[in-house]
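These are my notebook entries on one protein chain. I set down what I looked up, entry by entry, with the cut-offs behind each term.

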Amino acid sequence: MNKSALYIMHLTCLFCTCNAQSAFSQTTEKALLHKLDAQQTVADRKKNTPAYRILSSRQTYSLLWTGKAFSGTDNDKADTRLAKAVVKGLNSEWLKHSLKMAIKEVQVLEDSVKQTAVTIIALKSAETKWCINSVDTEYFLLDDFKSPIHAIPYFIDGNAYIVCIIPPCFIVGNEVRPYIDRKSLFENILKPLIDSLIP
């Protein structure tokens with residue numbers, strides 16, 4: 001093999017190695033940038049997660065869902081449409097059963113600045129042969145409401161407690177996501193009121 005052929009072969013090897021390293025470097029760089037974006041989103045979310053403090057709460061309304069309709073003395077005072085939407089969102093099969101409900105409306109201060117209305121709904125089976133099972137969801141958006149009301153369920157001692165709130169949101173790419181801190185909502189809103197909510 002002559003010198004010029006060896007020289008061309010050497011240059012080809014260098015060129016291939018450079019391209020491979022460059023491609024590897026670009027892939028690694030993209031993966032790193034994606035990871036940093038994800039970490040930044042989580043950090044921003046933690047930083048912007050709201051804190052809540054109860055300002056006031058109204059009386060607790062007691063209702064009974066018979067499996068077909070609401071009954072009870074507080075039927076005309078409580079937001080039965082919201083209550084039915086919450087049950088349907090958790091598990092529409094529950095609407096075939098009798099349920100005891102307690103509904104409480106609460107005014108909270110969000111981040112020491114903004115007043116927010118929160119509704120807490122407590123559910124308990126009114127039947128002896130059927131009980132409420134926990135549902136594997138952290139939160140869900142209620143259908144058929146103009147406002148983006150989110151329901152955040154907690155399952156404690158056979159009862160379901162659902163915090164209904166319009167949460168603040170953040171943007172990830174083209175998607176709008178709610179700021180929902182389950183621990184903060186439980187500790188600052190549900191826990192102080194839970195004894196008055198047992199249906």
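**Entry 1: Lys68.** I looked up Lys68 and found it exposed, because its relative accessible area is 77% and exposed means over 50%, buried under 20% and partly exposed in between, with a 1.4 Å probe and protein chains only. Lys68 sits in the loop between strand 2 (61-65) and strand 3 (70-71). I noted that helices (H or I, at least four residues) and strands (E, at least two) are DSSP runs, numbered from the N terminus. The C-alpha atom of Lys68 is separated by 7.4 Å from that of Leu95, and the two residues are 27 residues apart along the chain.

**Entry 2: The basis of the values.** I recorded that this is a predicted model, in which local features need pLDDT of at least 70, side-chain atom pairs count only at pLDDT 80 or more, and totals for chains, interfaces and linings use all residues. Residues are numbered from 1 along each chain as its sequence is written, and side-chain values use heavy atoms, with hydrogens and water left out.

**Entry 3: The chain as a whole.** I found three helices and ten strands in the chain. Along the sequence I read the pattern α-β-β-β-α-β-β-β-β-β-β-β-α. Of the 199 residues in the chain, 33% are buried. I then turned to contacts, where contact means heavy atoms within 4.5 Å. Among the contacts in the chain with a separation of 6 or more, 62% come from residues 24 or more positions apart. The accessible surface of the chain is about 12,700 Å², and carbon and sulfur atoms hold 54% of that surface; such areas come from the Shrake-Rupley method with a 1.4 Å probe, and for residues only the protein chains shown count as cover.

**Entry 4: Salt bridges.** How many salt bridges does the structure hold? I found five, where a salt bridge is a side-chain nitrogen of Lys or Arg within 4 Å of a carboxyl oxygen of Asp or Glu. One of them joins Arg58 to Glu105, with the closest N and O atoms 2.8 Å apart. This pair links distant parts of the chain, for Arg58 is in the loop between strand 1 (52-57) and strand 2, while Glu105 is in strand 4, 47 residues apart. I noted Arg58 as exposed at 52% relative accessible area, and Glu105 as partly exposed at 22%.

Asp74 and Lys77 form a salt bridge too, with their closest N and O atoms 3.7 Å apart. Asp74 is buried, with a relative accessible area of 9%, whereas Lys77 is partly exposed at 46%. Lys96 is exposed at 57% relative accessible area, and Glu93 is partly exposed at 42%.

**Entry 5: Glu110.** I placed Glu110 in strand 4 (residues 99-110). Glu110 is buried yet has no salt bridge, and the nearest side chain of opposite charge, Lys114, is 4.3 Å away. For charge, Lys and Arg count as positive and Asp and Glu as negative, while His and the chain ends are not counted. Leaving aside residues up to four places away in sequence, Glu110 touches Pro50, Ala51, Tyr52, Thr116 and Pro168.

**Entry 6: Aromatic rings.** I counted four aromatic pairs, since rings of Phe, Tyr and Trp (its six-membered ring) pair if their centres lie within 6.5 Å, with planes under 30 degrees apart counted as stacked, over 60 as edge-to-face and the rest as tilted. The pair of Tyr154 and Phe186 is tilted, because the planes stand at 40 degrees, with the ring centres 5.6 Å apart. This pair links distant parts of the chain: Tyr154 is in strand 7 (residues 150-156) and Phe186 in helix 3 (residues 182-193), 32 residues apart. Tyr154 is buried at 8% relative accessible area, whereas Phe186 is partly exposed at 22%.

I also found Arg182 over the face of Tyr154, at 4.4 Å from the ring centre. A charge sits over a ring if NZ of Lys or CZ of Arg is within 6 Å of the ring centre and within 35 degrees of the ring normal. Arg81 lies over the face of Phe145, at 4.1 Å from the ring centre.

**Entry 7: Positive phi.** Most residues other than glycine have a negative phi. I noted that Asp144, which is not a glycine, has a positive phi of about 65 degrees. Asp144 lies in the loop between strand 6 (140-141) and strand 7, and is exposed at 62% relative accessibility. Asp157 also has a positive phi, near 50 degrees. Asp157 lies in the loop between strand 7 and strand 8 (159-165), and counts as exposed at 76% relative accessibility.
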